[in-house]
Amino acid sequence: MKELIMLSKVAQEYLLIEFSEDNAGWLVRFLTNQFFEKGETSWTGNVIVLEIDAETQIVTVADLFCERPDELVPWKVLVDWIYQERGLTGH
């Protein structure tokens, strides 16, 4: 796993749980549509909550169980990292 410098290793592991090998591409496309086309500002997964500021395109990665501090990362950096980790192309 290539480290996403802006996020802790735990946050990266949580993201890889949500964006599994089976659904990473679909979930990125779904969230891109929800956040930027439909105007949604948050999404709750199994272990994390993602909240986005549409103006800055900064995503807050929050632990669903509130055991860890929230972390911030630009949407594009997050998507690029997910695609790289999952060996996806074409986003």
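**One residue and its surroundings**

Tutor: Gln57 is partly exposed, because its relative accessible area is 36%, and partly exposed means between the limits for buried, under 20%, and exposed, over 50% (1.4 Å probe, protein chains only). This is a predicted model, in which local features need pLDDT of at least 70 and side-chain atom pairs count only at pLDDT 80 or more, while totals for chains, interfaces and linings use all residues. Residues are numbered from 1 along each chain as its sequence is written, and side-chain values use heavy atoms, with hydrogens and water left out.

Gln57 sits in the loop between strand 2 (48-53) and strand 3. Helices (H or I, at least four residues) and strands (E, at least two) are DSSP runs, numbered from the N terminus. The backbone of Gln57 has a positive phi of about 60 degrees, although Gln57 is not a glycine. Most residues other than glycine have a negative phi. Cys66 is another non-glycine residue with a positive phi, near 55 degrees. Cys66 belongs to the loop between strand 3 and strand 4, and it counts as exposed because its relative accessible area is 68%.

Val61 has Glu71 of strand 4 as its bridge partner. Strand 4 (residues 71-74) has two faces: Glu71 and Val73 make up the covered one, Leu72 and Pro74 the uncovered one.

Next comes helix 3 (residues 75-85), where Trp75, Leu78, Val79, Trp81, Ile82, Tyr83 and Glu85 are buried. These buried residues pack against helix 1 (9-18), helix 2, strand 2, strand 3 and strand 4. Gly87 follows helix 3 and has a positive phi, near 65 degrees.

Ser20 is placed in the loop between helix 1 and helix 2, and it is partly exposed because its relative accessible area is 23%. In helix 2 (residues 24-37) lies Gln34, which counts as buried because its relative accessibility is 15%. Leaving aside residues up to four places away in sequence, Gln34 touches Gly39 and Glu40; contact means heavy atoms within 4.5 Å.

Now the whole. The protein has three helices and four strands, and from the N terminus on they run α-α-β-β-β-β-α. The radius of gyration is 12 Å, close to the 12 Å that the globule rule gives for 91 residues, so the protein is as compact as a globular protein of that length. That radius is taken over C-alpha atoms, and the rule is 2.2 Å times the number of residues to the power 0.38. The C-alpha atoms fill a box of roughly 30 × 25 × 20 Å along the principal axes. Of the 91 residues, 40% are buried. Among contacts between residues at least 6 apart in sequence, 43% join residues at least 24 apart.

Key:
Pairing = 2+ DSSP bridges.
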